[in-house]
Amino acid sequence: MLNNIVKIRNDEFNELRDIIYKNSAITFMESKKYLLENRLSKRLNELGHKTYKDYINYLKYDKDNKGEMERMINLVTINETYFLRERPQMDHLVKTTLPEMLAAGKKQCRIWSAACSTGEEPYSLAMLMTEAGLYNKMKIEIMATDINSDVVEFAKKGEYRSMSFRGTPEQFTKTYFTPDKTNFLIKPEIKDKVRFNTGNLTGPTIGAQMGKFDVIFCRNVLIYFDAETKTKVVTMFYNALNAPGYLYLGHSENISKLTDKFKVINFGSGLMHTKAK
Ligand SMILES: C[S@@+](CC[C@H](N)C(=O)[O-])C[C@H]1O[C@@H](n2cnc3c(N)ncnc32)[C@H](O)[C@@H]1O
């Protein structure tokens, strides 16, 4: 179907922005109006809605709108990611944090890749830990979640295009993927090491549902939240971490003004936050 861009009026933008915020905590500035138009026009065309007001009414009141809120949220999230993104933090986990845990006598490690998008982050961790022989030394579990059910389904399949490999050493791709026409299929021994699920980081029950972790990766997500939501999410992480516990955030995600609960470790090429014993 031809994708006619449907222009959004200010009042429609404000209403839609509030709906998105309520359901995902993602904040859309006015400067991002075009992004909503680009992402949602096709859906409006498919449904035959001429205006966003019609679509909003459908979202809010139509008895046949089952699953539409989830679908709309899936359309507006930014899912940019790739293998070995911001690698120094991943190396720090493998070369410093996990060896320290082993030296302290820990034989198990639960890791949460929170907001994992299409799965490159948790699979990268599984590959690097395999490479380092860590699975022979401890029981490692990786849970990966994202609010977007489409990216979670994609991640479960483990089929990637070359875009996901920018900067990935060829040897790495050769070892852990099988080429298949234009795709690369992740090998079962890595695929089996990650469990994927949908999950809203700002939902009321996520902390209790996920249980306790030793390590949390939550990178390039807090940037989409306001200060109140960021504080809520990092507090949830604090409570979800064992002590000692380790939190890796994205490079531009500074939480020092929001909480003093964590100790910040600057390891030269990146930061890590610890929950001390
Ligand atoms: C830019 S990607 C980051 C992926 C990966 N962590 C990385 O750094 O490469 C941001 C992800 O956050 C997810 N996200 C946004 N709001 C969320 C929320 N409230 N709960 C869970 N995930 C969310 C989006 O669906 C998207 O996949």
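**Views of a predicted model**

**Figure 1. An open sheet of three strands in the order β3-β5-β4.** In this predicted model, the strands of the open sheet β3-β5-β4 pair in the antiparallel sense. The edge strands are β3, residues 159–160, and β4, residues 177–180. Each of these edge strands pairs on one side only.

**Figure 2. The pairing of β3 with β5.** Strand β5 comprises residues 183–186 and runs antiparallel to β3, with two bridges between them. Which residue of β5 is the bridge partner of glutamate 159? The partner is leucine 185.

**Figure 3. The protein chain as a whole.** The chain holds 11 helices and 10 strands. Along the principal axes, its C-alpha atoms occupy a box of roughly 60 × 50 × 35 Å. The radius of gyration is 20 Å, which agrees with the value near 19 Å that a compact globule of 277 residues would have. Of the contacts between residues at least 6 apart in sequence, 75% link residues at least 24 apart.

**Figure 4. Burial, surface and charge in the protein chain.** Of the 277 residues, 49% are buried, that is, under 20% relative accessible area. The protein chain carries 42 positive and 33 negative charges. A distance of 4 Å separates the mean position of the positive charges from that of the negative charges.

Key: Residues numbered from 1 in each chain as written. Predicted model: local features only at pLDDT ≥ 70, side-chain atom pairs only at ≥ 80, totals over all residues. Heavy atoms only, no water. Pairing = 2+ DSSP bridges. Helix = DSSP H or I, 4+ residues; strand = E, 2+ residues; numbered from the N terminus. Rg over C-alpha atoms; globule rule 2.2 N^0.38 Å. Buried < 20%, exposed > 50% of the residue type's maximum accessible area, 1.4 Å probe, protein only. Contact = heavy atoms within 4.5 Å. Lys, Arg positive; Asp, Glu negative; His and termini not counted. Charge placed at Lys NZ, Arg CZ, Asp CG, Glu CD.
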